[in-house]
Amino acid sequence: MAKSKFWYLTMAMVLAASMLLAACQPAATAVPAAPATEEEVAPTEAPAAEEEVAPTEAPATEEEAASTGSKLEIFSWWTAGGEAEGLKAMFDVYSGMYPDVEIINATVAGGAGTNAKAVLATRLQGGDPPDSFQVHAGLEVEKYDPETYLEPLDDMFDPSVFPADLLTMLEYQGHYWSMPVNIHRSNVLWYNKTVFEENGLTVPTTEEEFFQVCEALKAKGIIPVAMGTKDGWEAAHVFEGMLASTLGADGYRGLWTGETSWSDPKVTDALNFFKKMMTYVNEDHAAMTWDSAGEYILQNQAAMMIMGDWAAGWFASKSYSDFGWAPTPGSDGIFVALSDSFALPKGAPDADSAMKWLEVSGSKEGQEAFNPKKGSICARTDCDPEAFKAVPETYDYLSSAMDDWKVDSIVPSVVHGAAAYESWATDFKDTLTLFVSSGDVEGTQAALAGLCTDAGICE
Ligand code: GAL
């Protein structure tokens, strides 16, 4: 059936009413949802102004409506354990509200979106966008040329339910281009409790202690640090945490704004820290993804792993709870942050379903379902911590992450799209991947300095 303007208006009202209803539900939490007014919950102007949102989307004929209607293609790279479960949990919330919409889970595997981002850019440029797609909050959005390919989502935002740090990260060229669903921490050291206990080890908090522990483990024939470097981002991921350790929060931040020199001796220290760590890593790291390397932890063959807190979601997906955590050595009090969000491409095939997806992604209910499985904390400030008890394996860690987020210095991750344009982030990743094999501290530091100049940030 062709969808008339009346249909869209009706849907807008249904959407607004159902969101209001959902927001008011006591659910598992009994904590009233933050949005106080209908406007805050689900801006009615969105679907009513359908033409403004996606001019090419409204089907012109009955046939077209039948072939394009009620489908929702969501594009992401969430295929690993924890990622896939989290996404499914949010799909389930969506399907509970809109059972007639068929969800197409379009994933391109590869941690940190290494493969997915390229595919997505090609699709956008080729006029073949999904209905909504995963993008990191921060400068990553520039890769997708938002003015040309994306719809601004300013009208959907209720700034009072998101932390100020996150809103700052999300704003690009005066607009919000995506709806945040979570906050992840990148600088986490995970450890196998049994291995630590059996070997009488305590969790290292400094670089020196870290290498003492590594030595002790190596002497026992245990892999000190499990790592996969197969997808080309993992080395840079670990390294950004080390930069935060040696430079401190302000020094680290300054690397991406030009206030900290890449020639700083503390950058040299971070490179040496990283280089030495690589001597304690499983030898087959180049053949491993981040999660396949995690199997060494599960099997008590490795003791530690430095990875973002999606690792907690992955552990949970394996029903594994024998893990502890700490900030990566030397980075206590610094929260290297990133946030996953969803954007609305211009010309989304089903913009109406996509708008509803963005509402669910930004909602308390959606985020409380997604994050305990994903291993992240809510992007919203009004999620009920009790809701996280649904996943016992991640509960303790995520409770501590919620606390840390409130008191730590928040700095943006570069590897996960927050701190720098994607072109710089990509070169940064490639440089660190090369460093894994070259071990050339001086050359790598010079190359990193050159990247900052190329990016137009350093002189
Ligand atoms: C990050 C993303 C996380 C997680 C991770 C590993 O870039 O923000 O949600 O999926 O990659 O794939």
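Here are a few questions and answers about the ligand and the cavities in this structure. This is a predicted model, where local features need pLDDT of at least 70, side-chain atom pairs count only at pLDDT 80 or more, and totals for chains, interfaces and linings use all residues. Residues are numbered from 1 along each chain as its sequence is written, and side-chain values use heavy atoms, leaving out hydrogens and water.

Q: How many cavities of 30 Å³ or more does the structure hold?
A: A cavity here is a set of points, on a 1 Å grid over the protein atoms alone, where a 1.4 Å probe fits but cannot get out. With that in mind, the structure's count of such cavities is three.

Q: What takes up the space of the largest cavity?
A: The closest lining residues to the centre of the largest cavity include Glu83 and His416. Glu83 also has a side-chain N or O atom 2.6 Å from an oxygen atom of the ligand. The space of the largest cavity is taken by the ligand.

Q: What is the volume of the second largest cavity?
A: Residues lining the second largest cavity include Trp290, Met305 and Met307. Its volume is about 50 Å³.

Terms used:
A polar contact is a pair of N or O atoms within 3.5 Å; within protein, one must be able to donate a hydrogen and the other to accept it, and residues adjacent in sequence count only if both atoms are side-chain atoms. On a 1 Å grid over the protein atoms alone, a cavity is a set of points where a 1.4 Å probe fits but cannot get out, and a pocket is an open set with protein on both sides within 12 Å along at least five of seven lines; lining residues have an atom within 4 Å of a point. A molecule sits in a cavity or pocket if more than half of its atoms lie within 2 Å of its grid points. Grid points are joined across faces, edges and corners, and a volume is the space filled by probe spheres set on the points.
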